[in-house]
Amino acid sequence: MNNQPLRGDAQQPMNDEAERAVLGACLIDPTASRRLPGLADTHFQDGRHAEIWRAIRAAEAEGQVDYVTVAQRVNGLRGYMTGLANATPNAYHASEYADLVLAAARARAWLQDASELAKAAYAIDDAAARRALDAARLRFQGTARDEAEGVAAVASRLWDSLADPDKLKLLVR
């Protein structure tokens, strides 16, 4: 751990490259968004990315995720979306890109918790400090639960593929 004091000009944690890649993956692979159940618009730092993610989820709910159906749901971002799709290396790694987005979102949440705790400490407010610590504990518990649910979803998909003899043959080769 780094014992250096926090800088006043430090930027909020963000992984812009991962945000762009996960969106691009969803635009070039219509099934990619379904593999990302734990990702929400609130996890994106860039407001444009959050808007595009909401559009992807809306298109997914209607059964058709592609550039056209997503572009119909956003205003003024079509050119930007084309750049996202063109710059994405491949859609296969969408879940890894999403993990990077989630890690940055968790770091921003932890900083928010730490900020609330620091404010309470400077104000010598025990009640506010307890509330900040309780909020941090709940967030951490929620993160652990979300990660466990993600593992369960992957295990379920694997089990389903094992139940299909043709897919099992591909795995055994």
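1. Let's start with a pair of charged side chains: Glu 62 and Arg 73 form a salt bridge, with their closest N and O atoms 2.5 Å apart. This pair links distant parts of the chain, since Glu 62 sits in the loop between helix 2 and helix 3, while Arg 73 sits in the loop between helix 3 and helix 4, eleven residues apart. Glu 62 counts as exposed because its relative accessibility is 62%; Arg 73, at 28%, counts as partly exposed. Do keep in mind that this is a predicted model.

2. How many salt bridges are there by this rule? The count comes to seven. Another one joins the side chains of Asp 41 and Arg 54, at 2.9 Å from N to O. Asp 41 belongs to the loop between helix 1 and helix 2 and Arg 54 to helix 2, so this bridge ties together parts that are 13 residues apart in sequence. Asp 41 has 23% relative accessibility and counts as partly exposed, and Arg 54 is partly exposed too, at 43%.

3. Arg 57 and Glu 60 form a salt bridge whose closest N and O atoms are 2.6 Å apart. Both residues lie in helix 2, three residues apart, which is about one turn of the helix. Arg 57 counts as partly exposed, with a relative accessibility of 22%, and Glu 60 has a value of 22% and is partly exposed as well.

4. Now for the nonpolar side chains. The largest nonpolar core has 31 residues, and the ones that touch the most other members are Val 22, Leu 39, Ile 52 and Val 70. At least two core residues come from each of helix 1, helix 2, helix 3 (67-71), helix 4 (78-87) and helix 5 (94-122). Helix 1 gives the most, with seven residues. As background, nonpolar side chains in soluble globular proteins tend to be buried together.

5. Val 22 is worth a click. Which residues is Val 22 in contact with, leaving aside neighbours within four places in sequence? They are Leu 36, Leu 39, Phe 44, Ala 94, Tyr 97, Ala 98 and Val 101.

6. Last, have a look at Asp 29, in the loop between helix 1 (16-28) and helix 2 (47-61). Is Asp 29 buried or exposed? Asp 29 counts as buried because its relative accessibility is 18%, under the 20% cut-off. Its side chain makes a polar contact with the side chain of Thr 31 at 2.8 Å. Beyond neighbours within four places in sequence, Asp 29 is in contact with Arg 35 and Ala 91.

Note on methods. Residues are numbered from 1 along each chain as its sequence is written. This is a predicted model: local features need pLDDT of at least 70, side-chain atom pairs count only at pLDDT 80 or more; totals for chains, interfaces and linings use all residues. Side-chain values use heavy atoms; hydrogens and water are left out. Helices (H or I, at least four residues) and strands (E, at least two) are DSSP runs, numbered from the N terminus. Buried means under 20% relative accessible area, exposed over 50%, partly exposed in between (1.4 Å probe, protein chains only). A polar contact is a pair of N or O atoms within 3.5 Å; within protein, one must be able to donate a hydrogen and the other to accept it, and residues adjacent in sequence count only if both atoms are side-chain atoms. Contact means heavy atoms within 4.5 Å. A nonpolar core is a set of buried Ala, Val, Leu, Ile, Met, Phe, Trp, Tyr and Cys residues joined through side-chain atoms within 4.5 Å. A salt bridge is a side-chain nitrogen of Lys or Arg within 4 Å of a carboxyl oxygen of Asp or Glu.
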